Amino acid sequence: MSAWDTLDDRLRPVVQASTDEYARVRPALESVTAEMEASLRAVFEDTPVKPLFIASRTKSVESFRDKASRTLPSENPDEVPSLLFPDPLRNLTDLVGVRVIMTLPHEVDEAANLIKRQRAEFDCRGDREKDIGSIESGTYGYSSRHLILRTIQNETVRKFHRLLEPAQKPNGSYLFEVQIRTVLAHAWSEIEHDIRFKAGDPRAWSPYFDRQFIATAAMLETVENEFAELHERYEAVTGFWDDEGEGAAPLTPNRIRHVWMTLLPHVNRKAGDDWGWAAELLAAHGLKTTMDLAGLLQAEAITKVRAALDHRYSPGPDRLLDDLLLWRFGKKHIDLTAEPEDAPSQPRRESLGRRYRQMQLYRAREN
């Protein structure tokens, strides 16, 4: 049941008059909407911030009437209630709305900041996080960044103002709303809006619907966090292959630990361990940069090493790194890192020799 359906009969003529006026000027407002969408699309051209899509809408006449029908509670039941928006054509800032849909949560902030910097076109008059279910209360809901922008000397807005108020000098300023959210939050809010707010009969609502929406919102937050972590890992790994940036960073023990934990977090060792041993092994073969190590820790090589040696126990970083170097450099690795051939005791040389022969047999079978 809409606000219009329950509106006090004494207020209906006023609201209907506003609605009729809105219906008259709405085609001109649609032109404003189209221009605002085009302007925001242009904002993202030639920038690394790329929305999945941008969409816009001009509030429908029915939706306008419903929102214009909202009232404030009256202390005296006999008094006429007050309209929440006494002049809705000028009070409402969401008659024109643009949605900017991003992939990941951090991109929402990037998009908002980029839009707010377009001061020649827009003046940001509001910026808030809209979250149905706040972190502070421990509940869940969709999150969305809402900007209220004011156009600056826009000619399409001037045409709309001339139609709306012919006696007034048009200034080209108009407030509209921009919602920026992730694609997952967008999907959640669209489904939630269709079921919760467009329900035909309020008696058909079940409390279990609320419970399911809360549960899906919690899952949504978890999925977004996982995607954000995946993106951060992707950015880090990509950086390892930049020979003019992260890829050129020297392999200190701490750097080796960082690269290893990014690429192979499942092959772990105690956090306080010293990785100086790894630096020595890599330096023996002239591997001194981050890119050198990233090139060594390739999934295909690791898979083949595991298959060749058929480890009874999952190897830690020390053993796996040693085996990967042996796989790549063969006998040279033994000569550079094991005891001299004439040493009285040669446990490392013997161990490396056994593993090297296993690798040779595996390669022969594969060929």
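A nonpolar core, as the term is used here, is a set of buried Ala, Val, Leu, Ile, Met, Phe, Trp, Tyr and Cys residues joined through side-chain atoms within 4.5 Å. Keep that in mind as we walk through this predicted model.

Let's start with the overall build. The protein has 14 helices and seven strands. Its radius of gyration is 32 Å, well over the 21 Å that the globule rule gives for 367 residues, so the protein is more spread out than a compact globule. The C-alpha trace spans about 105 × 50 × 40 Å along its principal axes. Even so, 40% of the 367 residues are buried, and among contacts with a separation of 6 or more, 68% come from residues 24 or more positions apart.

Now for the inside. The largest nonpolar core holds 41 residues, and the ones touching the most other members are Phe-44, Ile-115, Tyr-174, Phe-176, Val-178 and Ile-180. At least two core residues come from each of α1, α2, β4, α4, β6, α5 and β7, with α1 giving the largest share at nine residues. Take Tyr-174 as a way in: setting aside neighbours within four places in sequence, its contacts include Leu-29, Val-32, Leu-95, Val-96, Leu-149 and Phe-160. There's also a second, separate core of 33 residues, with Ala-279, Leu-321, Leu-325 and Tyr-362 among them.

Key
Residues are numbered from 1 along each chain as its sequence is written. This is a predicted model: local features need pLDDT of at least 70, side-chain atom pairs count only at pLDDT 80 or more; totals for chains, interfaces and linings use all residues. Side-chain values use heavy atoms; hydrogens and water are left out. Helices (H or I, at least four residues) and strands (E, at least two) are DSSP runs, numbered from the N terminus. The radius of gyration is taken over C-alpha atoms; the globule rule is 2.2 Å times the number of residues to the power 0.38. Buried means under 20% relative accessible area, exposed over 50%, partly exposed in between (1.4 Å probe, protein chains only). Contact means heavy atoms within 4.5 Å.
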